[in-house]
Amino acid sequence: MLTLVPIGGTLLFLAGLTLAGTILGLAVSTPLFVIFSPILVPAALVIGLSVVGILTSGAFGITALSSFSWLAHFLSRSRLAEQMGKKVQETTGYLGLKVQEMADYLGEKMQESGGQVGHLLQEAGGQVGQKTREMGQDTQDKAQDAGRDQGGGRTKAGGRGR
């Protein structure tokens with residue numbers, strides 16, 4: 001009790017002194033704020049909006065970087081390159097067959113009407129189909145190579161190896 005009363009009284013006196021200083025400071029500064037408010041309010045708005053704009057830009061930048069980081073990590077762990085290679089090969093193989101069928105059909109029609117031109121068209125269609133199949137095979141090989149390059153350090157279960 002002997003220690004709490006003097007310490008409490010001193011702190012209460014300091015609180016009153018702080019309150020008196022604050023009221024005196026407001027009494028002196030309020031007329032200055034009223035006089036300079038046409039300058040201070042727009043300046044405060046400009047500074048505030050600038051700070052908000054910079055912080056928002058930084059937040060968007062961090063969000064974009066984290067999104068790209070996640071996407072790169074996801075793609076490095078997926079087998080997307082192999083799947084895309086298979087799809088390309090299927091598509092090019094199908095298109096090659098269609099071109100060859102069309103060339104065969106045109107060749108038959110031309111043989112009915114002319115003979116020599118139909119043979120040339122049939123030969124050209126076969127060459128186009130062959131080139132298409134070769135390109136599809138090359139694309140698949142490249143996709144598999146890319147998949148093997150990305151798959152380094154993986155276990156069979158798909159997780160990271162040590």
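A residue is called buried when its relative accessible area is under 20%, exposed when over 50%, and partly exposed in between (1.4 Å probe, protein chains only). Keep that in mind as we walk through this predicted model, where local features need pLDDT of at least 70, side-chain atom pairs count only at pLDDT 80 or more, and totals for chains, interfaces and linings use all residues. Residues are numbered from 1 along each chain as its sequence is written, and side-chain values use heavy atoms, with hydrogens and water left out.

Let us start with confidence. The protein chain has an average pLDDT (the predictor's confidence in each residue, from 0 to 100) of 78, and 79% of the residues score at least 70. Among the elements of the chain, H1 has the highest mean, 91, while helix H3 (residues 116-150) has the lowest, 69. Helices here are DSSP runs of H or I with at least four residues, numbered from the N terminus. Where pLDDT is low, the predicted coordinates should not be read in detail.

Now look along helix H1, which spans residues 4-77 and includes Ile-35. Ile-35 counts as exposed because its relative accessible area is 58%.

Further on, Trp-70 and Phe-74 sit four residues apart in helix H1, about one turn of the helix. Trp-70 is exposed, at 56% relative accessible area, whereas Phe-74 is partly exposed, at 45%.

Finally, visit helix H3, where Asp-138 is found. Asp-138 is partly exposed, with a relative accessible area of 45%. Its C-alpha atom is separated by 8.8 Å from that of Gln-89, 49 residues apart along the chain.

Key
Helix = DSSP H or I, 4+ residues; strand = E, 2+ residues; numbered from the N terminus.
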